[in-house]
Amino acid sequence: MDGIREPARDRVDGDGSPTPPKGRRGQGAFAERIAVWAATHRKTAIFGWLGLVLLAVVASMTIGGPDAVNLQPGEGGRAQAAMNKQNEYIRYHENVLIQSLEPGGGRFEDDPRLVAAAENLVAELKKHPDAVGEVKSPLESAAEGYVSRDGSSGLVSFVVNWPVDQFYEHMDTATKAVETVAANHQDVRVVQAGDRSLTSAVDTAVKDDLQRSHLLSLPFVLLILLIVFGSLVAAGIPVLLTITGIVGALSLVMVVGKVIPINSAGSAIILLVGVAVGIDYSLFYLRRYREERHAGRDDATALKTTARTSGHVVLFSGFTVILCLVGLLFTGLGVFVGGTIGLSLVVGLAMIASVTVLPAILASLRHRVDKGKIPWLGRSRTAAEESKVWTGVARLVTKRPLLWGGAGVLVLLMVAMPALSMRLQDAAAINSLPRDVPTVDAAIRMQEAFPGVPVPARVVISNPDGAQADSPALRQAIDGLHGQIAASGGLLAEPITVDRVDRAVVVRVPLAGSSTDETSERALEYLRGKAVPATVGQVPGVEAAVTGKTAQAYDFTVQLRENTWMVFAFVLLLAFILLVFAFRSLAIPIVSILLNLLSIGAAYGVVTWIFQGGNLSGLLGFTSYGGVMGWLPLFMFVVLFGLSMDYHIFILSRVRERWAAGASAKDAVIGGIGHSAGVVSSAAVIMVVVFSVFVTLTSIENKMLGIGLGVAIAIDATVVRGVLVPAALTLLGERAWTLPRWLRWLPDGKADRPQPREREVVS
């Protein structure tokens, strides 16, 4: 690691960077041996990396088969398991809303335009009996629930018929029939939203978002790297390594996804983190190498020193991020298993590329790494000098550490305040995408007229022994659900529909609310706790389990809340142990953890203020639904705790490097911050830009993730690392780098402090 456990005999050169002696063994020796091997076997390292990426791509293209399906937690998981045992698939239900374009229109049956549109739609759908079935409309006297409660809107529903290999053709036929009717009756609203149309809208948005994130992130990153390095070659190396690493990781994720379920949005998040860590690791390594060469060291010595310091930081940080991600497994949720594997792959590949391929490239290029200098930047940027701005800030903070440190803590606590009122709630399908998506607008209008119809609960009824669940007694019990709906006080709604799927029966019941809010949760609890047990639950020999969008979000959140404490405990304990071993100090781990929690808390506050409070909604292009995604705080905590270790270790190791070389505690802080904060700021700008790309994407989930991670990194790299870290280290003084006697049994547990005579060399 950068300067960790540097012996007292190190001296400091005129440029302020310590000169490690030759032949050192200890922390960093492993990274140095890797770099020496890579520099000696350049072709093997470079072409071996390209071969690994190519092998991953080929594997993703040749290994076929369906992707693994995630099993939901709780009762929804039992319903899903029962459906998985059937030899048929449940058919997709689609709904069409027919209403007047003018608000406050008359009753449906009294408006000839609405009736004519409904008649035309029913006739069009029934022309295609192979594609469409079970057409129901307000034209039927027995069709209960197909006219809205205020009487102004009508609902036409149908199912899209199998077989599976003709589904898309049948769905297209049904959609064209609706579009034809809408075109023929432009004086009324005829809009479609249902199982497949809503899912298709979300899938299309996710796919478009992924393509947009690819197109927007890397050009911005390249521009920033050009400014940082002032050289086309130096800027291009991190980008090329990052691109190949992400391609390899995404390819491996496609292979793993055949066995372990990975969320559809996982690729976008993997890209996000992959660009961030890939660029950061290469930046740390490349910047230190150029700094060593600028200090007058030959290419071989510069590469060894870089590997022993920044290379070790990369290894330590990479493994720390991966270990922090492992904490997500304590949730017991399948979606986090796939996410953990995907993110670990991209971080691991970025780490491998930085400590093997990058040394091989640098050994091949040597001084040519500075080729392609930008005329107005090249001369000033290739020197990799200390940051005058951050050196000045560090001097200012170390003069009055209590004042500046206290002010910084107070500001972050104030920013974190909104997080105290954070309400965890997943976005419903009608909240996730903006309303200018036609299907979303249709679903919102349908939800207003027919609550719960776009995304109803599904009661899966099956026989545990595999026998046919359908029976006269069951049908009579299902009829009893109408009475339960009438007595629910508006929590449950009509119309209910019944599907027979092989040996199981599925009953769809609309729920009040948006499908994920508190009203929907109360409706779900009523359905599970009273309506189903009082009806279907009385039929002997069958089991009933409730699933659907509301149930999935509810069960997910319940399990997440039960196990969150284990994730927090694992990550905090892991961080403490790793930092104790890294810095041979108790004060450093405690301060580091507190500062990380402070920056994450501030990010929570910003996310809550913006998205739950609805602030800046016009600027950021979203509509607040009054909550924050249930998985976001935990995911942010784990990812940010891992990523922030990059900056923390990089800066602290530079400070300790100078302290171990004989500088006073205060001078070590100023010199360490001055020589490291600049590159940390550059890395942070890249991360913030990459995360900010997600704010431009369509779904509110991506916007929350981008804002949360971007704000946290910005705070971490400025207020925390630029102000609070130097303030804390100055207040601790010599105590920051020492262990109590009872922990001196740790390897190199004694402080690496030079003797007074040796300190004279430094001064």
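**Ground rules.** I number residues from 1 along each chain as its sequence is written, and side-chain values use heavy atoms, with hydrogens and water left out. Because this is a predicted model, local features need pLDDT of at least 70 and side-chain atom pairs count only at pLDDT 80 or more, while totals for chains, interfaces and linings use all residues.

**Entry 1, the count.** I searched the whole structure and found 13 aromatic pairs. Rings of Phe, Tyr and Trp (its six-membered ring) pair if their centres lie within 6.5 Å; planes under 30 degrees apart are stacked, over 60 edge-to-face, and the rest tilted.

Phe330 sits in the loop between helix H9 (299-326) and helix H10 (334-365), and Phe570, 240 residues apart from it, in helix H19 (residues 549-583). Helices here are DSSP runs (H or I, at least four residues), numbered from the N terminus. For burial I used these cut-offs: buried is under 20% relative accessible area, exposed over 50%, partly exposed in between (1.4 Å probe, protein chains only). Phe330 is partly exposed at 35%, and Phe570 is partly exposed at 23%.

Trp659 belongs to helix H22 (residues 632-660), and Trp737 to the loop between helix H24 (700-732) and helix H25 (756-762), 78 residues apart. Trp659 is buried at 1%, and Trp737 is buried at 3%.

Methods:
Helices (H or I, at least four residues) and strands (E, at least two) are DSSP runs, numbered from the N terminus.
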